[in-house]
Amino acid sequence: MESGWPESLIRDVPDFPTEGIVFKDITPLLDDGDALRWAADELADRFSGTSVDRVVGVEARGFILGAAVAYRLGCGFVPFRKPGKLPYCTRSVDYQLEYGTASLEAHTDALAAGQRVLVVDDVLATGGTAAAAVELVNAGGAEVTGVGFLIELGFLEGREKIKVGADCPVISLFCFGGDE
């Protein structure tokens, strides 16, 4: 792998979605077939020794990575969506974003008691979305066995909000502004 690749395909977009936020845009990485394959393979490989029955992908970019990881691991995929997007009975969790509030929903029958779940999303920022996803998995009676991200904004210390067991790996492929 050449130096800086595929990290060089992640671009900064200042003041998006609100002033003062520097958005990490992964669209160029997704547009590069080799980089997308690398990211999906790398996330799947990091959890290949973990027992996983389902992969949860968090709307919206977490769907892209999560579905690819589920495919690689040979297990099912469960989308966690914004309110009003799922057609069946849902349960939801409200949480704080770095620039507002939001909710995540899942079908009430999406996860079964005892299933082992890997949560995948694109970015770990303040940790609100990831913490909500973990809470939603637990509300379904399933168990989080890993949490994976493409990017972590380490300076925001979002990892501290993710409440999982000590033996549950939380990994990021790239960390910006932190010790990881």
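Me: What does Ile151 stand opposite in strand 9?
Reply: Phe174. Strands here are DSSP runs of E with at least two residues, helices are runs of H or I with at least four, and both are numbered from the N terminus. This is a predicted model, where local features need pLDDT of at least 70 and side-chain atom pairs 80 or more, while totals for chains, interfaces and linings use all residues. Residues are numbered from 1 along each chain as its sequence is written, and side-chain values use heavy atoms, leaving out hydrogens and water.

Me: How many bridges join strand 8 and strand 9?
Reply: Six, in the parallel sense. Strands count as paired if DSSP finds at least two bridges between them.

Me: What order do the strands of the open sheet have?
Reply: The five strands run 4-3-7-8-9, with parallel pairing. Strand 4 and strand 9 (170-176) are the edges, each pairing on one side only.

Me: New topic. Which residues of helix 4 are buried?
Reply: Among them are Gly128, Ala132, Leu136 and Val137. Buried is under 20% relative accessible area, exposed is over 50%, and partly exposed is in between (1.4 Å probe, protein chains only).

Me: What covers them?
Reply: The cover includes strand 3, strand 4 (76-80), strand 7 (116-124) and strand 8 (143-153).

Me: And what follows helix 4?
Reply: Gly141, with a positive phi near 85°.

Me: Where is Arg54?
Reply: In strand 3, which spans residues 54-58. Arg54 is partly exposed, at 27% relative accessible area.

Me: What is Arg54 in contact with?
Reply: Leaving aside neighbours within four places in sequence, its contacts (heavy atoms within 4.5 Å) include Cys75, Leu111 and Val117.
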